[in-house]
Amino acid sequence: LDARRRTGAKGDRMHNAPDASSLIPSNAPEAIALIISSPVAVKVLSGLTLLLYVLGQVVPGTESVLAMKATNTYGSHSYVWNVFTASFFNTSLIMAILVVFTFIVMGRFLIPPWTSTEMVRYVSFSSFTTGLGLFVAQIIWYMSTFSWKQLEQPISGGAGLIAALAVTVKQRLPNEQIQVFGQPSGLTAKDVPACIVAIGGVCSLLDIGPLFLQTLLGTYFGWLYLRFLQRGADGMRGDLNDQMAFITFFPPALQPLMQVVSSFAYKAVCGNTMQTMLDDLPAAQHAATAALPSGVLRGVFTGDAAVPAPPLPGSNAADAERRRIRALKTLEERLRSITQESNDGGKGEAGGGAGDSPSWPGSPTPAERRQDGEEATLGDQQV
């Protein structure tokens, strides 16, 4: 990452972030110093990864217990812990070293603004949800093909954790320029998750390993935690900044299509409460509510939210109350503005109609003039 970032860029969450140029060691002494100075949480995560790798090499049959294997997760074995351990268990030394390196570098990047507890919580959530997603994928694949070997295929590796941690770079340094061998690559930090998923897809096509599904799940669930579940310094859950919108993970050509898909998904899952409130308004105000921008209901995915989205199930009462008050306040202001414009237009029309009224006593009214004209026309036709 290029260290020459614009710290005043609007919408970038760069507060308390260390210098990007100091994250990756350039020589062996710096690497050793970085490992020694790593927080305890990073050492625990790295030690767990290395321990499980060594255990898998020394003890036969460890892979069946720690890797994701659907037939062992349920049934007679019930090794339910492999949903969590699959992301930490690596059969490849290269992948194990890469995961440890990622923990050390990202720990130095995330722990100052997050604290060690939050980083462990994020890694644990990503590991569990990625393992659960792999389990469901194996079941669905078996139900589609009726191939029993799909349930017997062990899947493990930390590719999902690497992808999840890459999403945090997109969150905190979205506009950071990426350099390759000292030259600008044309990519920014917000493109890192998509690049990792693409690399995973290439590895899957080359039959190097089932990395595509792991990176895809790690990226999605990492984004889900940061977007909706993580509690910020202001006490609110989630990150509603534009750079964390779901459609920003896709190329610009696909973003309009993904905006429609994501808006529908959000409305179906999270927007029922607000939609019910709008549907219950009187019919006379239907036109006013229709004039509200789409961001009121589904801006969380599109990045142009006018008000915070309704809280997810599981949010505490205080958080939900704050979101409800802010949403109602914005809605009332917009309705008041639209109603005032409608009243001003009605007064103008009423003033125009008053000009047609008689200006002196005894003058014929508009109805009498129309009747006289109709009688005159009838007389001409008779003649």
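## A buried lysine and its partner

K69 is buried, at a relative accessible area of 13% (buried means under 20% relative accessible area, exposed over 50%, partly exposed in between, with a 1.4 Å probe and protein chains only). The model is predicted, with local features needing pLDDT of at least 70, side-chain atom pairs counting only at pLDDT 80 or more, and totals for chains, interfaces and linings using all residues. Residues are numbered from 1 along each chain as its sequence is written, and side-chain values use heavy atoms, with hydrogens and water left out.

The side chain of K69 meets that of E152 in a salt bridge (3.4 Å, N to O); the term stands for a side-chain nitrogen of Lys or Arg within 4 Å of a carboxyl oxygen of Asp or Glu. K69 sits in the loop between α3 (62–66) and α4 (70–73), and E152 in helix α8 (residues 149–152), so the pair ties together parts 83 residues apart in sequence. E152 itself is partly exposed, at 32% relative accessibility. Helices here are DSSP runs (H or I, at least four residues), numbered from the N terminus.

## The other salt bridge

There are two salt bridges in the structure. E118 is buried, with a relative accessible area of 11%, whereas R121 is partly exposed at 42%.

## The nonpolar core

The largest nonpolar core has 48 residues, and F103, Y122 and V123 touch the most other members. Such a core is a set of buried Ala, Val, Leu, Ile, Met, Phe, Trp, Tyr and Cys residues joined through side-chain atoms within 4.5 Å. Helix α6 gives the largest share, 10 residues.

Leaving out residues up to four places away in sequence, V123 touches L45, F88, F103, L161 and L165 (contact means heavy atoms within 4.5 Å). A second, separate core of 10 residues includes M68, V83, A86 and F221.

## Helices α9 and α10

These two helices pack at an angle of about 155°, with their axes 8 Å apart. That makes α9 roughly antiparallel to α10 (the word applies to angles over 145 degrees). Axes are lines fitted to C-alpha atoms, for helices over the stretch in contact, and angles run from 0 to 180 degrees between N-to-C directions.

On the α9 side, I162, A163, A166, V167 and K170 meet V192, P193 and I196 of α10.

Definitions and conventions: Angles under 35 degrees count as roughly parallel, over 145 as roughly antiparallel, 65 to 115 as roughly perpendicular and the rest as oblique.
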